Number of protein chains: 2
Amino acid sequence: MLVAFLLFDRVTALDAVGPYEVLQRLPGAEVVFAAARPGPQATDGTLSLVADTSLDDVPAADVLVVPGGYGTRPLVRDRTVLDWIGQVHATTTWTASVCTGSLLLAAAGLLDGCEAATHWLAVDELAALGAVPVGRRVVDSADRVVTAAGVSSGIDMALVLAARLAGDDVARAIQLAIEYDPEPPFDAGSPGKAGARIVEMAGRPMRR
Amino acid sequence: MLVAFLLFDRVTALDAVGPYEVLQRLPGAEVVFAAARPGPQATDGTLSLVADTSLDDVPAADVLVVPGGYGTRPLVRDRTVLDWIGQVHATTTWTASVCTGSLLLAAAGLLDGCEAATHWLAVDELAALGAVPVGRRVVDSADRVVTAAGVSSGIDMALVLAARLAGDDVARAIQLAIEYDPEPPFDAGSPGKAGARIVEMAGRPMRR
C-alpha cells in the first residue's frame, strides 16, 4: 500500500507529520514524500522536511495526503501540482487533506460544491475555491475524499483512515503506539471554545 | 528565547514536530535543530528531518527538547550527546523530553531518583537508568525538567511549557492556532484504556 505525501516550500510540519506517524504504522504501508523539487522543504518555521522523490516519480498511490501551510497559497495557481493531485487522486483509495491542504484539493477540482474542512482562518479562501466549508474536524467531502481541519486534526483524520483501510483494531493499536490520549491543559482548540479574545490573539502573527 | 531540539538518526518524527509546532509560535522564539552530524536525520520511517546545526554550535539554550525514537538506544551510551545534554541543561529555563527521550535525560544524570514519563513500552528501560517511571502524561520530574509520555504527548507537554514561559493566554492562542481540539475516533490511547488485546497488538512491530 503506497501512501504519498505532497511536500512543498512552507508546509506546516505537523500537518504532514501527524498523519505520517499514524499511516506509516499501517501493515504493509510504504510511505513516500513527493515534491516538485525533491530535497529539503522548508516548513513555516526553521525545520525542513525532506522530500525523497519527485512528483513525476509518483504517478499513482493508494493514499494521498495533502498537508497545508502558508506555501499552499501560490500552489492554488500551480498547474503542475494541481494536475498531479488530480492524476494521483484518480488512482487512490483515499485522498486526504489537512488544514489548508483542502485549498489545493479544491483548486484541483476535487471539492466543487462539497462540504470540506480547513483551518478556521481559511474558511473564506476555501469557499472562494468552490467548496462548502463546515466546522467539523474530519469531513467526508466527496467520493474517496476526506478533509481535516487545522494542523493537529490530521492525527484524528489519519486514525479514521487507518480504521477504514485496516480495521478498527489496527487503528486502536496505532493510537496506543503513539500514545494518543490527549490531555490539552486548556480547552481552547476551536474558535467557539477559545472565545473572542483568544481568537483575536491567534489571528495575529505570533512569530517574530 | 532559544529553543533547541536534539535530533539523531531514527528519531520519532512526531516526538519532535508536536512540540516544535507549539514552541515555534512563542513570541520571540528562535528554534534550532541540533545533531551530532548536521543534515538530514532519518526518522523511524521514510521521512527525514533536517538538523540545521551541530551540537558544538549550541552550547546553551532557554529550552531544550529531547525527543525519543529507536535511535535513543545507542545514545544512552554516547558520551558526546549525553555531555551536551548536561551542558545545555545547565543553562536552560526548561529541559524537556518526549517519549523515550527521557532515557537520554536519565542517562545524562538528570533524573536520578526522580519521577518521569516515557513511552509505556519503555518503562523498564527508564527504571534501569535510575528514574522512577510514572504513568502520567506530563510529569514535573526535577528542577526545570519536564518529561512527557509517548509520541503525541509532546503536544500537551509543549502547551504546558508555553503557558509557563509566556502565560496561559498565549498558550491558549497557540492551541487555537494549531486547532488542537482532539477528537480521536477511539478511546485506546493508553494501555489501560486500550485493553490487553490491543496492548498485545501495539507491542508487536506493526511495520513491514
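**Strands and sheets**

Modeller: Let's start with strand β7 (residues 94-97) of chain B: three bridges join it to strand β11 (residues 145-148) of chain B, and the two run parallel. Keep in mind that this is a predicted model, where local features need pLDDT of at least 70, side-chain atom pairs count only at pLDDT 80 or more, and totals for chains, interfaces and linings use all residues. Residues are numbered from 1 along each chain as its sequence is written, chains are lettered from A and ligands numbered from 1 in the order in which they are written, and side-chain values use heavy atoms, leaving out hydrogens and water.

Colleague: What makes β7(B) and β11(B) a pair?

Modeller: Two strands pair if DSSP finds at least two bridges between them. T95(B), for instance, stands opposite V145(B) in β11(B). Strands themselves are DSSP runs of E with at least two residues, helices are runs of H or I with at least four, and both are numbered from the N terminus.

Colleague: What makes β5 and β10 edge strands in chain B?

Modeller: The open sheet has seven strands in the order β5-β2-β1-β6-β7-β11-β10 (chain B), with mixed pairing. β5 (53-54) and β10 (138-142) of chain B each pair on one side only.

Colleague: Which strands stand at the edges in chain A?

Modeller: Chain A also has an open sheet of seven strands, in the order β5-β2-β1-β6-β7-β11-β10. Its edges are β5 (53-54) and β10 (138-142) of chain A; each has a single partner strand, so one side of each is left without a neighbour in the sheet. Further in, four bridges join β6 (residues 63-66) of chain A to β7(A), running parallel, and V63(A) has W94(A) as its bridge partner.

**Helices on the sheet**

Colleague: How do you know which way helix α1 of chain B runs?

Modeller: Axes are lines fitted to C-alpha atoms, for helices over the stretch in contact, and angles between N-to-C directions go from 0 to 180 degrees. Helix α1 (residues 13-23) of chain B runs at about 170° to β1(B), and lies across β1 (2-6), β2 (30-35) and β6 (63-66) of chain B. Touching is contact here: heavy atoms within 4.5 Å.

**Aromatic pairs**

Colleague: Why is F5(B) with Y20(B) called edge-to-face?

Modeller: Rings of Phe, Tyr and Trp (its six-membered ring) pair if their centres lie within 6.5 Å; planes under 30 degrees apart count as stacked, over 60 as edge-to-face and the rest as tilted. F5(B) and Y20(B) are 6.4 Å centre to centre with 80° between the planes, so they qualify on both counts. F5(B) sits in strand β1 and Y20(B) in helix α1 of chain B, 15 residues apart.

Colleague: What makes Y20(B) and F33(B) edge-to-face?

Modeller: The centres are 5.3 Å apart and the planes make 65°, so this pair passes as well. Y20(B) is in helix α1 and F33(B) in strand β2 of chain B, so the pair ties together parts 13 residues apart in sequence.

Colleague: Why does Y20(B) count as buried?

Modeller: Buried means under 20% relative accessible area, exposed over 50%, and partly exposed in between (1.4 Å probe, protein chains only). Y20(B) has 0%, so it counts as buried; F33(B), at 1%, is buried too.

**Two residues in chain A**

Colleague: How do you know that S97(A) is buried?

Modeller: Its relative accessible area is 0%. S97(A) is found in strand β7 (residues 94-98) of chain A and touches residues including S102(A), V146(A) and M157(A). S102(A), in helix α4 (residues 101-107) of chain A, is also buried, at 0%.

**Two copies**

Colleague: Why are the copies said to be related as by a two-fold axis?

Modeller: Copies are superposed by least squares on the C-alpha atoms of residues with pLDDT of at least 70 in both. A rotation of 180° with 0.0 Å of shift along its axis puts chain B on chain A (RMSD 0.0 Å). The two copies are thus related as by a two-fold rotation axis. In chain B, the C-alpha nearest the axis is that of L49(B), 2.5 Å from it.

How values were computed. Lists of a residue's contacts leave out its neighbours within four places in sequence.
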